[in-house]
Amino acid sequence: MALNPDDTVCYCFKVSLQKIQTFCHTQKPHYASEISDCLSAGTGCGWCVPMLKNIHSQCCPPYTPPWRQGDATPIAEQTAEDPTNIDAETWGAGRQKYLEEKKAKKLTE
Ligand code: FES
């Protein structure tokens with residue numbers, strides 16, 4: 001089961017899949033990091049950053065900056081898989097595990 005439009009992608013800032021997809025379709029950011037302009041998505045714990053990158057590559061056309069034009073490989077590669085093909089419960093549980101691992105790592109440092 002895939003994420004629904006109203007499911008949360010970024011838990012730190014409570015940003016839904018629909019908000020991120022709408023931002024990508026309307027603003028067409030060149031880089032995934034620009035999605036942080038959408039309600040600060042991805043600027044908290046970092047858990048959702050890989051998902052944001054995948055959504056960006058699915059929703060936005062590949063962009064090659066002028067100084068790289070002529071290179072064979074565009075910076076943003078399209079991925080064949082739908083990044084949102086994960087159920088909301090698994091996505092949320094993954095973040096919880098991520099935070100616990102991050103906390104445990106911090107305690108051992
Ligand atoms: S879940 Fe998006 S930054 Fe933490």
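Where is Leu39 found? Leu39 is found in the loop between α1 and α2, helices and strands being DSSP runs (H or I, at least four residues, for helices; E, at least two, for strands) numbered from the N terminus. The structure is a predicted model, in which local features need pLDDT of at least 70 and side-chain atom pairs count only at pLDDT 80 or more, while totals for chains, interfaces and linings use all residues. Residues are numbered from 1 along each chain as its sequence is written, and side-chain values use heavy atoms, with hydrogens and water left out.

The chain contains three helices and two strands, arranged along the sequence in the pattern β-β-α-α-α. Of its 109 residues, 31% are buried; buried denotes a relative accessible area under 20%, exposed over 50%, and partly exposed a value in between (1.4 Å probe, protein chains only). Among contacts (heavy atoms within 4.5 Å) with a separation of 6 or more, 57% join residues 24 or more positions apart.

In soluble globular proteins, nonpolar side chains tend to be buried together. Here the largest nonpolar core has 20 residues; such a core is a set of buried Ala, Val, Leu, Ile, Met, Phe, Trp, Tyr and Cys residues joined through side-chain atoms within 4.5 Å. Val9, Ile20, Ile35, Cys48, Leu52, Ile55 and Trp91 have the most contacts inside this core. Two or more residues are given to the core by each of β1, α1 (17–27) and α2. Apart from neighbours within four places in sequence, the contacts of Val9 include Leu17 and Ile20, Cys48, Leu52 and Ile55, and also Trp91.

In α1, the buried residues are Leu17, Ile20, Phe23 and Cys24. These residues lie on the same side of α1 because they cover an arc of only 135 degrees around the axis, the arc being that of the directions from the helix axis to the C-beta atoms. Their packing partners are β1, β2 (15–16) and α2.

Helix α3 spans residues 88–108, 21 residues in total, and reaches 31 Å from its first C-alpha to its last. This length is close to the 30 Å expected at 1.5 Å a residue, where the expected span is 1.5 Å times one less than the number of residues. Trp91, Gly92, Gly94 and Arg95 are buried in α3. Their arc of only 155 degrees around the axis puts them on the same side of the helix. The cover over these buried residues includes β1 (8–10) and α2 (49–59). Exposed residues Glu89, Lys97, Lys103, Leu107 and Thr108 are carried on the face turned away from the buried side. The N-terminal end of α3 is capped by Asp87, a side-chain oxygen of which lies 3.2 Å from the backbone nitrogen of Glu89.

Most residues other than glycine have a negative phi, and most peptide bonds are trans. Lys14, in the loop between β1 and β2, has a positive phi near 50 degrees and is exposed, with a relative accessible area of 64%. Leu39 also has a positive phi, near 60 degrees, and counts as partly exposed at 49% relative accessibility. Lys28, which follows α1, has a positive phi near 45 degrees.

Definitions and conventions: Polar contact = N/O pair within 3.5 Å; in protein donor to acceptor, adjacent residues only side chain to side chain.
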